[in-house]
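Subject: Structure for you to look through

Dear colleague,

I am passing on a structure that I would like you to open and look through alongside this message. Please keep it on screen while you read the notes.

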Amino acid sequence: MPITAKLSRRFYEQFGDEIVAELVDWFNAVDATYRSDLREINELNFSRFDAKLEQRFAEQDARWERRFAQQDAKWEHRFAEQDAKWDRRFAEQDAKWERRFAELESRIETTAAGLRTELVRWMFAFWTTNTLMLAGLLLAVLRSR
């Protein structure tokens with residue numbers, strides 16, 4: 001938008017309307033040229049600024065990605081260590097329980113074998129005394145006849 005310069009009346013009287021109008025047109029042309037040059041320079045500077053800003057954002061994004069990847073690897077390592085630790089503890093507990101169950105089974109087997117032996121002894125004693133009693137009773141009945 002060109003700015004129309006107003007010059008004093010004396011200036012018009014001194015140089016004439018035609019020369020002053022030409023001078024005003026020339027000032028407006030120079031002003032328009034400077035404005036377009038300034039606009040181009042500003043657009044060029046803005047595009048450079050935008051490119052630098054985009055580059056810096058890309059660099060920062062890459063740094064964040066690298067840091068997140070490092071943290072992710074660190075956490076994965078820690079989780080793997082904890083997982084191995086828990087697996088080892090569970091294996092130790094399983095072995096401990098297996099050993100205790102084996103001990104208990106062997107105790108039960110030895111106790112059961114001992115109980116069976118004692119039960120057979122008592123049964124033998126019971127049936128022997130019963131048989132002797134019946135034999136004595138039978139003899140007593142047969143003699144009394």
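The notes below cover contacts between side chains.

Please keep in mind that this is a predicted model, in which local features need pLDDT of at least 70 and side-chain atom pairs count only at pLDDT 80 or more, while totals for chains, interfaces and linings use all residues. Residues are numbered from 1 along each chain as its sequence is written, and side-chain values use heavy atoms, with hydrogens and water left out.

The structure holds one salt bridge (a side-chain nitrogen of Lys or Arg within 4 Å of a carboxyl oxygen of Asp or Glu), and it joins the side chains of Arg35 and Asp31 at 3.1 Å, N to O. Arg35 and Asp31 are four residues apart in helix H2 (residues 17–143), about one helical turn, where a helix is a DSSP run of H or I with at least four residues, numbered from the N terminus.

A search of the whole structure finds seven aromatic pairs, meaning rings of Phe, Tyr or Trp (its six-membered ring) with centres within 6.5 Å, stacked if the planes are under 30 degrees apart, edge-to-face if over 60, and tilted otherwise. Among them, Trp64 and Phe68 have ring centres 5.8 Å apart and planes at 35°, so the pair is tilted, and these two residues are also four apart in helix H2. Trp97 and Phe101 form another tilted pair, at 5.9 Å centre to centre and 35° between the planes.

Finally, Arg67 lies over the face of Trp64, 5.7 Å from the ring centre (CZ of Arg, or NZ of Lys, within 6 Å of the centre and within 35 degrees of the ring normal).

Best wishes
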